[in-house]
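Hi,

Here is the structure I said I'd pass along. Have a look, and then read on for what turned up in it.

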Amino acid sequence: MSIVRQFADAFNRGDVKALVGLFTESGSYDDLFFGPHHGHAALREMFERMFHEGKGYHWQFDTVIEDARRAAGEWRFAYTVSDAIPRSAGRPVRFKGMSVFDLEGGKIAAYREYADTGVALLQLGFKPEGLAKVLAKRVPAA
């Protein structure tokens with residue numbers, strides 16, 4: 001089974017141990033909402049937080065291209081916000097994106113993702129002015 005499919009399966013099961021095990025010891029994960037994390041301890045903490053703050057995750061990779069050094073996939077992501085986030089509790093969140101996996105020795109050395117975060121933030125209940133403030137921080141410097 002491809003590393004991307006293993007990743008999605010472990011994520012959908014909420015299996016933190018399996019997820020962390022897919023990464024090299026110094027592996028990194030750059031998440032759109034949680035930011036960059038490096039190494040097994042930081043990855044474990046990030047995944048645990050994700051599964052605490054959301055429930056009913058479904059991450060489906062529709063198109064995957066993969067070789068021994070790199071993988072990329074288009075995906076659909078869905079979850080419901082847990083009670084750990086009172087202002088958004090119970091809200092369903094759905095959005096599409098793409099991920100790139102840098103691979104070393106059959107493990108993930110670096111993971112990064114791209115998506116329209118504005119769509120997700122609106123579903124989380126951000127007001128337009130709050131959304132503009134968050135997204136303005138992501139505009140690359142010229």
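First, a definition: a polar contact here is a pair of N or O atoms within 3.5 Å; within protein, one must be able to donate a hydrogen and the other to accept it, and residues adjacent in sequence count only if both atoms are side-chain atoms. With that in hand, the side chain of E113 reaches the backbone nitrogen of L32 at 2.9 Å. The side chain of E113 is also joined to that of Y111 by a polar contact of 2.6 Å.

Some housekeeping: this is a predicted model, where local features need pLDDT of at least 70 and side-chain atom pairs count only at pLDDT 80 or more, while totals for chains, interfaces and linings use all residues. Residues are numbered from 1 along each chain as its sequence is written, and side-chain values use heavy atoms, with hydrogens and water left out.

Back to E113. You'll find E113 in strand β6, residues 107-115 (helices, H or I, of at least four residues and strands, E, of at least two are DSSP runs, numbered from the N terminus). Its relative accessible area is 9%, so E113 is buried (buried means under 20% relative accessible area, exposed over 50%, partly exposed in between, with a 1.4 Å probe and protein chains only). Leaving out residues up to four places away in sequence, E113 touches Y29, D30, D31, L32, W59, W75, M98 and S99, where contact means heavy atoms within 4.5 Å.

Now the rings. The whole structure has 28 aromatic pairs (rings of Phe, Tyr and Trp, the last by its six-membered ring, pair if their centres lie within 6.5 Å; planes under 30 degrees apart count as stacked, over 60 as edge-to-face and the rest as tilted). F7 and Y111 are stacked, because their ring centres are 5.5 Å apart and their planes sit at 25°. F7 is in helix α1 (residues 3-13) and Y111 in strand β6, so this pair ties together parts 104 residues apart in sequence. Both F7 and Y111 are buried.

F11 and W59 make an edge-to-face pair, 4.9 Å centre to centre with 85° between the planes. That one links helix α1, with F11, to strand β3 (residues 54-66), with W59, across 48 residues. F11 is buried at a relative accessible area of 1%, and W59 is buried too, at 3% relative accessibility.

G106 and R91 are 15 residues apart in sequence, yet 36 Å apart in space, C-alpha to C-alpha.

Cheers
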